[in-house]
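Student: Please take me through a close look at the aromatic side chains, and then relate them to other local details. I am new to this structure and would value one connected account.

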Amino acid sequence: MLHSSLSHSESRQLSPVSRRIAGLLFLVGFLSMNAAESAAEEYNYDESKVPAYTLPDVLKAEDGTKIDSPELWASKRRPELLRMFEEHVFGKLPQGEVKLRTKVRSENPKAINGAALRREVTVYFSADDNGPQMDLLIYTPANAKGPVPAFLGYNFNGNHSVEKDPALNITESWVRNNKDYGIDNNKSTDAARGSEASRWAVEKIVKSGYGLITIYYGDVDPDFDDGFKNGIHSLFEKGAAPRAGDAGGSISAWAWGLSRALDVLESDAKIDAKSVAVFGHSRLGKTSLWAGATDPRFAMIIANESGCGGAALSKRWYGETVARINTSFPHWFCLNHRKYNNNEQAMPIDHHMLIALSAPRPVYVASAEEDKWADPYGEFLGVYHAGPVYQLLSKKPLPSEKMPGVNEPVMTDVAYHVRTGEHDVKDFDWEQYIAFADKHLKK
Ligand code: GTR
């Protein structure tokens with residue numbers, strides 16, 4: 001069937017002409033599908049098909065109370081919204097305490113041409129060395145005199161994909177099969193070394209005085225639908241009881257993992273854990289927003305091209321839609337989220353409220369011009385409409401409802417840019433995140 005041979009994330013990689021041909025083919029396939037299947041294909045690249053929608057008021061509680069003070073926001077509306085995102089979108093984070101143990105696997109004081117101290121640290125989530133665990137790859141400036149502010153974020157292909165260095169341990173976790181890297185049994189290989197290097201401006205980051213901590217997201221929860229059994233789920237979800245509608249999916253599991261990484265960093269003498277920006281791209285940008293909402297210790301939140309389920313407004317029904325994301329990735333959200341498949345207007349919340357949950361902390365949302373799938377305008381509106389909460393908390397929101405020009409970042413106490421190019425993380429993006437962090441995280 002057409003939709004399995006060409007997914008929309010894959011069609012992002014095609015040239016405009018092939019994309020148009022693919023679009024036509026897709027249309028033919030689309031028309032020949034039955035209604036149930038076509039519902040699952042829902043997406044929209046036509047601004048004139050954006051329905052009339054009303055965003056729920058971020059400053060009006062469910063019982064009608066007008067939220068007009070920081071106290072009311074903190075005591076009433078914020079907890080209510082957090083609960084609603086658990087209930088309707090992501091589900092709860094894994095419930096239960098874990099006792100973390102760490103082991104340093106390697107240390108290189110002269111990594112990145114001598115600019116960085118690089119450490120590999122394994123974090124065990126149980127007393128069993130073979131139980132769930134994650135590997136932190138930690139870079140700090142080689143010349144740092146004390147603890148540094150840092151960026152923390154997951155990578156997609158394993159820590160060894162960040163640098164082409166044979167000394168880095170290859171992840172042993174499940175990875176997606178990939179011909180380019182010779183992966184056909186879900187185990188990574190040497191060929192994947194450095195495959196994500198262009199997305200991690202390590203040298204720029206450490207030379208600007210920041211640390212960088214990255215983790216393979218599949219360590220915490222492998223990114224495929226197995227009925228919520230593997231990864232961290234195995235620690236917390238025992239037995240065959242039917243899954244609650246608000247039990248967390250993978251995004252909640254990944255957000256939980258970021259908080260456990262922060263727990264570890266709190267006792268790392270080289271990192272200033274009070275100045276850690278949580279960063280993520282795409283599905284991991286959805287994750288960084290949810291991590292920022294659920295864990296107020298994150299000092300800054302960065303969502304790079306997070307799209308549907310991230311910064312983009314669901315009610316706009318542009319690019320990827322709720323029905324589409326729940327069908328392609330049934331394991332990312334909670335089961336209740338499926339109630340809003342092609343039914344976004346019934347959602348009692350929208351994603352400007354997800355961003356507002358991080359207020360008053362600085363949030364940076366970024367888009368790419370060609371990344372229509374993620375709805376750049378919807379991502380911009382997400383930050384814009386979080387504005388009233390920032391204002392209530394004496395912070396500066398985005399100055400205008402008009403979307404900024406391409407490659408013209410706007411930074412106040414929140415920030416937004418749309419850069420030229422495709423769905424990716426580029427040096428341009430990192431340059432802006434560093435500039436924003438310089439404003440907000442540097443003492
Ligand atoms: C796509 C998905 C997006 C985004 C992206 C990614 O296939 O439709 O929501 O998360 O994957 O994470 O790269």
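Tutor: The account below begins with the rings, then turns to the ligand, the backbone and a few single residues.

The model is predicted, so local features are given only at pLDDT of at least 70 and side-chain atom pairs only at pLDDT 80 or more, while totals for chains, interfaces and linings use all residues. Residues are numbered from 1 along each chain as its sequence is written, and side-chain values use heavy atoms, with hydrogens and water left out.

Two rings of Phe, Tyr or Trp (for Trp, the six-membered ring) form a pair if their centres lie within 6.5 Å; the pair is stacked with planes under 30 degrees apart, edge-to-face over 60 degrees, and tilted otherwise. On this basis there are 26 aromatic pairs. One of them joins phenylalanine 85 and phenylalanine 90, which are stacked at 6.3 Å centre to centre with 25 degrees between the planes. Both phenylalanine 85 and phenylalanine 90 are buried, a word used here for under 20% relative accessible area, whereas exposed is over 50% and partly exposed lies in between (1.4 Å probe, protein chains only). Phenylalanine 151 and tryptophan 430 form an edge-to-face pair, with 5.2 Å between centres and 85 degrees between the planes. This pair links distant parts of the chain, since phenylalanine 151 belongs to strand β5 (residues 148-155) and tryptophan 430 to helix α15 (residues 427-440), 279 residues apart. Helices (H or I, at least four residues) and strands (E, at least two) are DSSP runs, numbered from the N terminus. Phenylalanine 151 counts as buried because its relative accessibility is 0%; tryptophan 430 counts as buried because its value is also 0%. Ring pairs join Phe151 and Trp430 with Trp200, Tyr210, Phe279, Tyr364, Tyr433 and Phe436 in a cluster.

Some rings have a charge over them, which requires NZ of Lys or CZ of Arg within 6 Å of the ring centre and within 35 degrees of the ring normal. Arginine 101 lies over the face of tyrosine 124, 4.6 Å from the ring centre. Arginine 243 has its charged end over the ring of phenylalanine 228, at 3.5 Å from the centre.

The ligand comes next. A residue is near it if one of its heavy atoms lies within 4 Å. There are 11 residues around the ligand, and Ser282, Arg283, Lys286, Glu320 and Trp373 come nearest. A polar side-chain atom of arginine 283 is 2.5 Å from a ligand oxygen atom, and a polar side-chain atom of glutamate 320 is 2.5 Å from a ligand oxygen atom. In tryptophan 373, a side-chain N or O atom is 2.9 Å from an oxygen atom of the ligand. Taken alone, the ligand exposes 310 Å², and the protein buries 92% of that; such areas come from the Shrake-Rupley method with a 1.4 Å probe, and for residues only the protein chains shown count as cover.

The backbone has some particular features. Most residues other than glycine have a negative phi, and most peptide bonds are trans. Serine 282 is not a glycine, yet its phi is positive, at about 60 degrees. Serine 282 lies in the loop between β7 (271-281) and α10 (283-294), and it is buried because its relative accessible area is 11%. Asparagine 407, again not a glycine, has a positive phi of about 60 degrees. Its place is the loop between α14 (387-392) and β11 (410-411), and asparagine 407 is partly exposed because its relative accessible area is 32%. A cis peptide bond, with omega about 5 degrees, joins alanine 359 and proline 360. Proline 360 is in the loop between α12 (351-356) and β10 (363-368).

Finally, consider threonine 122, in strand β3 (residues 116-124). Threonine 122 is buried because its relative accessible area is 1%. Contact means heavy atoms within 4.5 Å. Not counting residues up to four places away in sequence, threonine 122 touches several residues, among them Arg101, Gln133 and Asp135.

Conventions:
Polar contact = N/O pair within 3.5 Å; in protein donor to acceptor, adjacent residues only side chain to side chain.
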